[in-house]
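Hello,

Here is the structure I promised to pass on.

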Amino acid sequence: MHYLLPLILIVSSLSAGNSCLTCHRGIEDIRDPQSQMAREIAQVARRAGYPGNSCIVCHGGDPEATEKGEAHRGSPETLKEMGGPAEFYPDPGSQWINDRTCGQCHKEQVAAQWTSLMNTEAGKIQGILWSFGAMEGKEHRFGNYTLTNLLHRRFGTESYNRYMEKVAEENGGVFPKKMEELPPAPTAAEVEKEPKLAAYTYLRQECLRCHTASKGRSRRGDYRGMGCSSCHIPYSNNGFYEGRDPTIPKGEPGHLLTHQIQGGRDARVHIHGRSYSGIPVETCTTCHNRGKRIGVSYQGLMETPYNPPFDSHGNPQPKLHTKHYLHMAEDVHYRKGMICQDCHTSLEAHGDGFLAGTTLASVEIECEDCHGTTKKYPWELPLGYGEEFGKELPKEGRGVAWTLADYLKKGESYEPRDGYLLTARGNPFGNVVREGKRVIVHLASGKDLTLTPLKGLVEEGKMSPVGMVAMDQIGSHTEKMECYACHDTWAPQCYGCHVKIDYSQGRRGVDWLAAAHDHDIHGRDGGKRGNLRDYLIDGEVVETRSYLRWEDPILGINGEGRIAPLIPGCQVTITVIGRDGKALLQNHIFTVTDNNRSVLAIDMAPVHSHTVQKEARSCESCHNNPKTMGFGIGGGNLLAPPNRELIVDLMDGEGRVIPKKITPQNPPIPALSFDWSTVIDRNMTQLVTVGHHWELSRALGREELLKLDRRGVCLGCHKTIPDRDLAVSLLSHIAQWSSVTIDRETHSSLLQKNLLMGAWLQVGLLAVLIGGGGYLLFRVRRRQEN
C-alpha cells in the first residue's frame with residue numbers, strides 16, 4: 001500500500017514560477033485562490049522570497065529544484081526562520097509537524113491538539129484497565145503519550161474557565177493534570193506471571209488505532225489523514241483519489257478524495273461538478289464507529305452479524321469499518337442536514353489545552369442550550385443547566401454573548417443579531433444566534449435553520465398534549481433526566497464482549513501505538529522501520545459477542561447526575577491463552593469495588609447515542625418495562641444463567657447425558673449468574689459497573705425505581721372487572737346492553753373520568769370533614785364561653 005498524502009497548493013494551476021506544477025499539473029487548489037486563507041499563505045511565500053510558489057509554505061521542499069528527488073527534500077532557510085517547514089512534508093496536517101505548517105496561522109488549535117481526547121484516548125484506556133480488575137481505579141493516569149496541561153488557562157471565556165476550574169477540582173480523577181504514556185506491551189512470559197498485563201496487548205492491538213497522531217487502519221471506511229488532516233482533508237470510504245493530479249494513482253486505495261480542505265461554510269470543496277462545505281459525518285465515522293458508536297448511530301447504522309441484501313451480481317453487503325449494518329431511523333438532526341460540527345464546538349474537537357479523561361469531561365453542550373425548557377428560554381437558564389454534577393445552580397440566567405474569541409473568527413463568522421447563544425459551560429456558539437424568541441442555527445453546509453425553543457412552543461400553543469405532559473406537567477422529567485433519555489428511541493447494544501488474547505504458537509499482532517510513535521514524514525504509521533510487520537508484539541486478539549439489541553435502552557444515572565440511557569460499554573469477558581496453549585484466564589470477569597459496592601467489572605455505559613427522534617419513547621417503554629429499569633430483558637428470565645455449562649446431546653428423562661464422548665456447547669462463565677442486560681437484582685442491588693469514569697454514575701436506585709415502576713397497574717382495576725364487585729358488575733352489564741365498545745381511546749377517557757370523579761369525591765369528603773369538624777369545634781367553644 002502506498003500513501004500519497006495531500007500536496008497543498010494555494011495558487012491556481014496557471015500560476016507562474018511554481019516548479020511544483022511541472023509534475024502536479026492540474027492538481028486542485030487547496031482553497032479558493034481569492035479566499036483569505038489563500039491570500040495570507042501567499043503573503044508568507046512572498047516574505048520567504050518565493051512569490052510564485054505557495055506550496056512551500058505548508059509542504060516545504062526545494063522550490064528551485066527540477067527533479068522530484070531534489071524537490072522533495074529540505075526547505076528554504078528563509079521559511080525555516082519564519083517558523084515554517086523544516087523539511088519536505090507530504091502531509092502538512094500531520095500532528096507531528098503541524099506546529100510548523102497549520103500552526104503558523106492556527107496556533108491555538110495546534111497547541112491544544114496533543115491534550116485533546118481524540119489524541120490521548122484516555123477514556124478507552126481507563127475503561128479497558130477497569131475491565132481487567134480496575135488496574136488504575138477511576139484515575140485516568142495513562143494516555144497514548146506522556147503529557148501535561150500545556151497552558152496556564154484554558155481556551156475559552158472567563159466564565160468557561162471559572163466553571164471548568166470548579167468542575168475539575170471536584171472531579172480530579174477525570175481531569176488529570178498529567179498523563180503517562182501507556183506501558184509497553186508485555187511479553188508472553190510476563191503475561192504468564194501476571195495475566196492482567198494482557199490488557200496492554202489488547203489496548204495496543206485493538207483500541208488505539210484511531211487517535212489523531214496515527215493514520216490508523218487501511219480498510220473500507222477507515223481511510224483518513226492524521227493530525228489536522230484527520231478531519232480537514234476528505235477521504236472517501238473506498239479511499240480513491242478522484243482529482244486531476246496525474247501523479248496520484250486513481251486505482252489504488254489509501255488516498256485523499258480531492259486535494260482540498262473541508263472545514264466551515266467558507267471552505268467549499270468542488271468535485272465532479274458539485275460543491276459542498278462542512279466536514280461530512282462520514283469523515284467523523286472513520287473513527288466514531290466503535291465503542292459508543294455515536295457516529296454511525298447518528299446516520300441510522302446499527303451493526304449486524306448478517307450481510308443481506310444482495311446486489312445485482314449476488315454479492316452480499318460489503319463491510320464498512322469491518323462491519324455489516326442495518327439501516328435504522330437516522331437522528332432527526334441528521335435528517336435536517338446537520339453535521340457534527342453544527343453542534344459540537346471547536347474546543348470539543350481541538351481541545352481547550354487541558355487534559356480530560358472522557359467525552360463527558362470534554363463536551364460542553366447540552367440539548368437545552370438551543371431548545372431551552374418549557375419554562376425557560378435558553379438564555380434564561382443558568383450556566384451548568386443540564387450537567388449539574390449534583391450541585392445547586394445559580395439563579396441568574398446565562399444571557400447571551402456579543403463577541404467571539406479571535407481564533408474563532410478565522411473561519412466563517414456570523415452576525416450576533418440578538419446575541420450568540422452560550423453553551424452550558426459559558427462559551428458562545430459561533431454559529432447559533434438569538435433572534436427575538438427564535439434561535440437561528442447557521443449550518444456549516446450553508447443552510448440556516450430556525451427553531452422555536454420549547455417555551456415558545458408552549459406560549460404559541462404548538463406543543464403536543466403528550467409533550468406537555470412529559471416535559472411541562474411532570475417537572476421532574478426535565479429537572480432530573482437528560483432530554484435524550486426519552487428522545488434516543490434506540491441505541492446500539494452489543495451484549496457480552498468476549499476477548500481472547502492468545503500467546504500460543506508464536507501468535508503476534510500489530511502494536512498500533514508503537515507504530516504511530518514511529519511515523520515518517522509521509523504520515524505512515526511505522527514508516528521509520530518501513531513496514532507495520534516490524535511492530536508485531538506477542539499475542540493475538542480475537543473479539544466476539546453474545547448478542548445484539550437496539551430497542552428500549554436501559555436507564556441509569558450518568559456522571560452529571562442525570563438519568564440517561566445505558567448501553568454495554570466494556571462488558572469484557574477475558575480469556576488469556578499461554579504459550580503452552582492452556583488458559584491462564586478462561587471466560588473471566590473481574591470483581592471490583594465501585595462506590596463501596598462489590599460489582600462485576602462489566603460496564604454499562606451512560607451515553608447519548610445520537611439517535612434522537614421527534615416522537616419520543618412511549619411512557620410504557622420505561623414505566624412498564626423491566627429491561628429499562630435495569631432488571632434485564634424480560635425481567636432477566638429469558639437467558640439461562642451463563643455460569644452453567646451447556647451440553648446438548650442425547651439425554652434420558654432425568655436430563656442425564658447418554659453418550660460418553662461429548663462436546664460442551666457453551667463453556668461456563670463462572671462469575672456471571674444473570675443475563676448480560678441485567679444491571680440490578682430484584683432487591684434493587686446493583687450487580688455490575690455503571691460508568692467507570694465518574695463517581696455519580698450508577699444504576700437506578702430505590703427512590704427512582706419506586707417512581708418509575710408501574711408494572712401490573714392494570715390489575716388495580718381488572719381484578720374486580722367484570723363481576724368481582726357489585727357496582728362494577730352493574731356498570732359492566734350496562735356497557736354490554738348499550739353495545740359500548742371499549743377501545744383504547746374510550747378506555748383512556750374512562751380512566752380519566754374515574755380519576756377526576758374519585759379526586760373530587762375525596763376532596764368533597766375532605767371539605768365536609770374539615771367543615772364539620774370546624775363547626776363542631778365552634779359549637780364546643782361557644783358552650784364553654786356560656
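Lys-447 has a relative accessibility of 41%, so the residue counts as partly exposed (buried means under 20% relative accessible area, exposed over 50%, and partly exposed in between, with a 1.4 Å probe and protein chains only).

Before going on, a word on the basis. This is a predicted model, in which local features need pLDDT of at least 70 and side-chain atom pairs count only at pLDDT 80 or more, while totals for chains, interfaces and linings use all residues. Residues are numbered from 1 along each chain as its sequence is written, and side-chain values use heavy atoms, with hydrogens and water left out.

Lys-447 sits in the loop between β10 (438-442) and β11 (448-451); helices (H or I, at least four residues) and strands (E, at least two) are DSSP runs, numbered from the N terminus.

Next, strand β18, residues 572-577. Six of its six residues are buried. On one side these are Val-572, Ile-574 and Val-576, and on the other Thr-573, Thr-575 and Ile-577, which leaves both faces covered. In a regular strand, side chains alternate between the two faces of the sheet.

Which strands pair with β18? Strand β19 (residues 583-588) pairs with β18 in the antiparallel sense over three bridges, with His-588 of β19 as the bridge partner of Ile-574. Pairing here requires at least two DSSP bridges between two strands. The hairpin of β18 and β19 has five residues between the strands, and Gly-581 there takes a positive phi near 85°.

Some backbone details may also interest you. The loop between β6 (301-304) and β7 (324-327) holds Pro-309, and the peptide bond from Pro-308 to Pro-309 is cis, with omega near -5°. His-321 is found in the loop between β6 and β7 too; its phi is positive, near 55°, although His-321 is a residue other than glycine. Is His-321 buried or exposed? His-321 counts as buried because its relative accessibility is 0%.

His-272, in the loop between β4 (269-271) and β5 (274-276), has a positive phi of about 55° and is not a glycine either. His-272 is exposed, with a relative accessible area of 58%.

Finally, the peptide bond from Ile-721 to Pro-722 is cis, with omega near 10°, and Pro-722 lies in the loop between α27 (715-718) and α28 (726-737).

Best wishes
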